[in-house]
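Open the model in your viewer and turn on the cartoon view. Keep the sequence panel beside it. We will go stop by stop.

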Amino acid sequence: MTQSTPSAIADVAERTVLTYVEAFLGLLLAGATTDIVDLSVLQAAAVAAIPAGLAVVKGAIGTRLGRVGTGSWLPAKNDPTRPLI
């Protein structure tokens, strides 16, 4: 376990939770405002877990490909938050 592992786990967890919330709220809004989506709250909660699960996979891959300590896929040399020193 490297020093960056806890920060990478926190980063992936944050991305996952926010993806779930966004997907859930998006499904609720789509169901309330259109006739295209007809899901109950429980169904929306279950369906929102799919993109959240994919966010975990994406984040896990990103910890190997991108900047150390994050779930980002952006290569460290192209990361706009990297120090310019």
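Helices here are DSSP runs of H or I at least four residues long, and they are numbered from the N terminus. With that in hand, select threonine 16: this residue lies in helix α1. Remember as you go that the model is predicted.

**Stop 1: the whole chain**

Zoom out. The protein chain has two helices and zero strands. Colour the 85 residues by accessibility: buried residues make up 22% of them. Now show the surface. The chain exposes about 6100 Å², and carbon and sulfur atoms supply 69% of that area. Next, think about contacts between residues at least 6 apart in sequence. Of these, 49% join residues at least 24 apart.

**Stop 2**

Select residues 5–33, which form helix α1. What distance separates the end C-alpha atoms of α1? They are 42 Å apart. The expected span uses one less than the number of residues.

Now select residues 41–65, helix α2. Its 25 residues should span 36 Å, and its end C-alpha atoms are 36 Å apart, so the two values agree.

**Stop 3: the buried faces**

In α1, select Ala8, Asp11, Val12, Thr16, Ala23 and Phe24, which are buried. Which helix do the buried residues of α1 pack against? They pack against α2.

Switch to α2. Here the buried residues are Ala44, Ala48, Ala52, Ala55, Gly59 and Gly62. Their cover includes α1.

Look down a helix axis to see how side chains are arranged. An α-helix has 3.6 residues a turn, so residues three or four places apart point the same way.

**Stop 4: threonine 16**

Go back to threonine 16 in α1. Is threonine 16 buried or exposed? Its relative accessibility is 16%. Buried means under 20%, so threonine 16 counts as buried. Show its surroundings, setting aside the neighbours within four places in sequence. Threonine 16 is then in contact with Ala52, Ala55 and Val56. Two of those names, Ala52 and Ala55, are on the list of buried residues in α2.

**Stop 5**

Select threonine 5, in helix α1. This residue is partly exposed, with a relative accessible area of 24%. Threonine 5 and threonine 63 are 58 residues apart in sequence. In space, their C-alpha atoms are 8.7 Å apart.

**Stop 6: a salt bridge**

Show the side chains of aspartate 11 and arginine 15. They meet in a salt bridge, 2.8 Å from N to O. A search of the whole structure finds one salt bridge. Side chains of opposite charge can pair when their charged atoms come close.

Why are these two residues about one helical turn apart? They sit four residues apart in helix α1. Compare their accessibility. Aspartate 11 counts as buried at 15%, whereas arginine 15 is partly exposed at 31%.

**Stop 7: an aromatic pair**

The structure holds one aromatic pair. Tyrosine 20 and phenylalanine 24 form this pair, and it is stacked. The ring centres are 6.2 Å apart, with 0° between the planes. Both residues lie in helix α1, four residues apart, about one turn of the helix. Tyrosine 20 counts as partly exposed at 29% relative accessibility. Phenylalanine 24 is buried, with a relative accessible area of 18%.

**Stop 8: across to leucine 42**

Leucine 42 is in helix α2. At 72% relative accessibility, leucine 42 counts as exposed.

**Stop 9: a nonpolar patch**

Turn the surface back on. Which residues make a nonpolar surface patch? Select Leu39, Val47, Ile50 and Leu54. Together they make a patch of about 340 Å². Finish on leucine 54, which lies in helix α2. Its relative accessibility is 56%, and exposed means over 50%, so leucine 54 counts as exposed.

Conventions:
Residues numbered from 1 in each chain as written. Predicted model: local features only at pLDDT ≥ 70, side-chain atom pairs only at ≥ 80, totals over all residues. Heavy atoms only, no water. Buried < 20%, exposed > 50% of the residue type's maximum accessible area, 1.4 Å probe, protein only. Expected span 1.5 Å × (residues − 1). Contact = heavy atoms within 4.5 Å. Phe/Tyr/Trp six-rings, centres within 6.5 Å; stacked < 30°, edge-to-face > 60°. Patch = residues over 30% accessible without salt bridge, like charges linked within 9 Å, V, L, I, M, F, W, Y side chains within 5 Å. Areas by Shrake-Rupley, 256 points an atom, 1.4 Å probe, with all protein chains shown as cover. Salt bridge = Lys/Arg side-chain N within 4 Å of Asp/Glu carboxyl O.
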